[in-house]
Every structure is written in C-alpha cells, then in structure tokens.
Amino acid sequence: MESKTHKPHDLVLSAQGVTKAFDGFKAINDLNFYLGEGELRTVIGPNGAGKSTFMDLITGRTRPDEGTIIFHKGEGDKENVDLTRMKEYQVNRLGIARKFQAPSIYANHSVFDNLLLSLDRSRSLVKALFYKPAPADLEKIGEVLETIRLQDRQHETAGSLSHGQKQWLEIGMLLAQNPRILLVDEPAAGMSDEETVRTGELLLSLEGKHSVVVVEHDMEFVRQIARRVTVLHQGHVLKEGNFDFVASDPEVIEVYLGRQKHEKVA
Ligand code: ADP
Ligand code: MG
C-alpha cells in the first residue's frame, strides 16, 4: 500500500521535536513531520490544533522554542538548511512559498501582468510593467495560466475575477516562482462547490512537480485531494495515513469530527 516509503533522500522537509509555546501554552508540542519530494500532503485538525502556527514556523514567521525544521535543498547533509534560523524572506528565497487565505493580487492589473510581476519579486512594480517579457517568461506564464485554468481571462483585471479565480491566480503567482515547497492554508474557504472541486484538481495537478502542504477543514475537499493525511491535535501529530485510515480512526473522529459537529451546534 504505502509505496512511497520515505528514504532519506526523498525528503524535502523534516521537522523534528518542534515545540512552540505562547504564554506557556504549547501551540506546537513535540511535532515530528516529514514531507517527501513532490508529495501532496493534507494537514487537518480542529480549530486551534496548531496548523497555521506550524506554517508560521516553517516559513520563519515564528521561531520555535525547541526542535529543528530542515529543508533538504539538495542531495546530502551539506545541502540541509535549518529553517528555524532563517528570516521569512530568506525562507521564501529558498523556494518555500506560502499562500495565505486573503489573496494579495494587484486588482487593477490584468491576470497576465499579475503573473508577470510575480516572476521576479525583486523587480519593482513600475519596472516590471514596462519590462518586455522574454520568451522564457511568456512560456512560464502560459504554463501557469494553463495550470490555473485562467487562459481565457488573462487580459481581464484581476479585480474582476470571482473569489475562486482570485485564489487560483494567487496560487499561480506563487507557481510562477517555481517553489520547491508550496504551503496552502484553507484554499477552498468561501468557494462554491464547483470552485472547490476545481481547486482540488489544481492541487492534484501539482503533485510530483512541487511538494505541497494543504491545511484544510472541509472533509469533502480533503477526501478529494487526499494522499497522505496528517491529523494535528494539540500541536502534535495524532494520526497519519490515507484518508480512509484517518477518517475511520476513533480518536480522529473524537477530536476532529466530534468537535466540528459540536462547533456547528454552538
Ligand atoms: P489552527 O490553525 O490549527 O486553527 P493555530 O495555529 O492558529 O491553530 O493556533 C494554535 C493555538 O495557538 C491556538 O490556541 C491559538 O490561540 C494559539 N496562538 C497562535 N498564534 C498565537 C500568537 N501569536 N499568540 C498567542 N497565541 C497564539
Ligand atoms: Mg489556521
């Protein structure tokens, strides 16, 4: 079943013994997490489980009290980088991109220009807009437009897109930078059912090309995209396995599904 057993050189990220407390409360508690190269991983867990904090720790937004988060940049130990020692922009430059829930697009510029702008973050907005795209740039933008399925909207302003399309554009803006690791926090939030399905298809299409971590609440969506699923609870990995394994686990049902039901009632 588990054909993707992780030989060390297949790993792109290893978090070990990570702990982070806020005022004595351990939001992340001795967390161990291993991500394979090209893997699509879903991380689920109830509100407050530590999912977003974990992403903050990977991206250098928050520093852990204990533990290491190693990015395996290349072959061999020499290529290992401990992300917990890096600043947010340094982590980003290493090829670790994060999508927040609120899209940060240039609403008055075209979809195409938004992608052009994200090819090189160091270029200023004005410079980028007067820059004549090189053939390689056009090729990259074309490839991203196809992935996010916005080819026929590329000349329209980003502000005119639907909520879902804006989210795809932002994923596209991150993809334009060729990230090794892409972190996505609740991508389907606020989307229509159809948009949610297309978002799942988009994320699935990234498998093998990027290593992707998707944090998600919506179980139907998780079911659609699930490969290996990690269940976080109280800042610790409660269970890990395929969707059916975790979804049928009594402890998972208790802490995650049970609580979700409870929250709906409240
Ligand atoms: P999730 O994303 O799984 O819902 P979070 O990572 O946002 O959970 O939060 C985990 C816990 O850590 C919560 O109890 C939250 O209140 C707490 N927490 C997160 N960030 C901070 C912070 N900057 N200061 C204090 N407490 C925080
Ligand atoms: Mg969160």
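Me: What makes β1 and strand β4 a pair?
Reply: In this predicted model, β1 and β4 (residues 66–72) are joined by five bridges and run in the antiparallel sense. Two strands pair if DSSP finds at least two bridges between them, so five bridges meet the definition. Along this pairing, S14 stands opposite I70 in β4.

Me: Happy with that. Which ground rules sit behind these names and values?
Reply: Residues count from 1 along each chain as its sequence is written, while chains are lettered from A and ligands numbered from 1 in the order in which they are written. Since the model is predicted, local features need pLDDT of at least 70 and side-chain atom pairs count only at pLDDT 80 or more, with totals for chains, interfaces and linings using all residues; side-chain values use heavy atoms, leaving out hydrogens and water. Helices (H or I, at least four residues) and strands (E, at least two) are DSSP runs, numbered from the N terminus.

Me: How do you know that β1 also pairs with strand β2?
Reply: Eight bridges join β1 to β2 (residues 25–36), and the two run antiparallel. V18 stands opposite L31 in β2. The two strands form a hairpin with two residues between them, and D23 in that turn has a positive phi of about 50 degrees.

Me: Where do these strands sit in the sheet, and which are called edge strands?
Reply: The open sheet has four strands in the order β2-β1-β4-β5, with antiparallel pairing. The edge strands are β2 and β5 (80–82), as each pairs on one side only.

Me: Why is β1 called largely enclosed?
Reply: Buried means under 20% relative accessible area, exposed over 50%, and partly exposed in between (1.4 Å probe, protein chains only). Nine of the 12 residues of β1 (residues 11–22) are buried, so the rest of the structure largely encloses this strand.

Me: Why does R149 count as partly exposed, but E186 as buried?
Reply: R149 has a relative accessibility of 37%, so R149 is partly exposed. E186 has 18%, so E186 is buried. R149 lies in the loop between α5 (135–147) and α6, whereas E186 is in the loop between β7 (181–185) and α7 (193–206).

Me: What makes their phi values worth a look?
Reply: Most residues other than glycine have a negative phi. R149 is not a glycine, yet has a positive phi of about 55 degrees; E186, also a residue other than glycine, has a positive phi near 45 degrees.

Me: Why are α3 and α6 called roughly parallel?
Reply: Helix α3 (residues 111–119) and α6 pack at an angle of about 30 degrees, with axes 8 Å apart. Axes are lines fitted to C-alpha atoms, for helices over the stretch in contact, and angles run from 0 to 180 degrees between N-to-C directions. Angles under 35 degrees count as roughly parallel, over 145 as roughly antiparallel, 65 to 115 as roughly perpendicular and the rest as oblique. The two helices are therefore roughly parallel.

Me: And how do you know that Q167 makes a polar contact with K99?
Reply: A polar contact is a pair of N or O atoms within 3.5 Å; within protein, one must be able to donate a hydrogen and the other to accept it, and residues adjacent in sequence count only if both atoms are side-chain atoms. The side chains of Q167 and K99 make such a contact at 2.6 Å. Q167 belongs to helix α6 (residues 163–175) and is buried at 3%.
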